[in-house]
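Here is a short briefing on charged side chains and how they pair. Look at the sequence and the model, then read on.

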Amino acid sequence: MKKKKQVKRILFPIDPNLEITEIAYRTLKKKGPALIFENPIGYNIPVLCNLFGTKERILMGMGLNTIDSLKELGNLIAFLRSPEAPRNFRDFFNMAPKFTTILNMLTKKVKNAPCQEEIISGNKVDLSILPIMRCWPEDVAPLITWGLTITKGLYKNRQNLGIYRQQILSKNKTLIRWLPNRGGFLDFQEWLKIKNNKNKTFPVAVALGPDPATMLAAVTPIPNNISEYSFAGLLRKNKTEVVKCVSSNLEVPANSEIILEGFLHDEFSKEGPYGDHT
């Protein structure tokens, strides 16, 4: 992105309370570069905005160069949805590149991950140390807008990845918003129906700052038989590295900047009010 002048670093101190959003939104409307705010006021963690603000950067995140490349990706997804066995040696030879690509769909489990170099737990957990933005003047509280949320149904083999916004309630509590038809809620609903004394809480993890391919995989409508981690590996042409959570058996993107681990309870509340964050 730097070589293509698709990212700009802002060294001047900017406030995550309204100011960053105003600058990012104005830049987005002009189809400007992604912005890295190096010195958000009151924090020592940079803020990245507008990563996928143009078609070109979306294609870059998917490992593609042109819009026409999407057709090839679509053909590959169609093949994965209903794979056909080669009928002869020529078919096998023609399909060989697809099989090579499929190998990248396997996840790679690691034990030592950048996202676990420093672990904060218990009473030391404090979300206020993160430069979580408040985007609009009448927003009730700061809002995590691009948190990659990882869940798993009690009796499902696959994990679900989705982008669900989360309202900050206190230093160690958030309110997650997901629609009834989304994978994360379906996993949670399954837990609500069959919870017992052994499963009093529902584990959830939120990845902040994973790689672009994993982020895009989480918002792409892919076939049910393909996991988001597998699709991310397909996009970047390299296996997705995952690591087991500290507090649960969920697996999270190993190269994320930050991982939030926690548990959901049988509690519901109204969200907001919030402005439009799409």
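Glu 22 and Arg 26 join their side chains in a salt bridge, with N and O 2.8 Å apart. This is a predicted model. A search of the whole structure turns up 11 salt bridges. Side chains of opposite charge can pair when their charged atoms come close.

**A pair within one helix**
- Glu 22 and Arg 26 both belong to helix H1, residues 19-29.
- They sit four residues apart there, so about one helical turn separates them.
- Glu 22 is partly exposed, at 42% relative accessibility.
- Arg 26 is also partly exposed, at 40%.

**A pair between two strands**
- Glu 241 and Lys 108 form a salt bridge, and their closest N and O atoms are 3.9 Å apart.
- This pair links distant parts of the chain, 133 residues apart.
- Glu 241 lies in strand E11 (residues 241-244), and Lys 108 lies in strand E4 (residues 108-109).
- Glu 241 is partly exposed, with 28% relative accessibility.
- Lys 108 is partly exposed too, with a relative accessible area of 43%.

- Lys 156 and Glu 190 meet in a salt bridge of 2.8 Å, N to O.
- Lys 156 is in the loop between strand E6 (148-151) and strand E7 (160-163), while Glu 190 is in helix H5 (residues 183-194).
- The pair therefore ties together parts that are 34 residues apart in sequence.
- Lys 156 has a relative accessible area of 25%, so it counts as partly exposed.
- A network of salt bridges links Lys 156, Arg 158, Asp 187 and Glu 190.

Technical notes: Residues are numbered from 1 along each chain as its sequence is written. This is a predicted model: local features need pLDDT of at least 70, side-chain atom pairs count only at pLDDT 80 or more; totals for chains, interfaces and linings use all residues. Side-chain values use heavy atoms; hydrogens and water are left out. A salt bridge is a side-chain nitrogen of Lys or Arg within 4 Å of a carboxyl oxygen of Asp or Glu. Buried means under 20% relative accessible area, exposed over 50%, partly exposed in between (1.4 Å probe, protein chains only).
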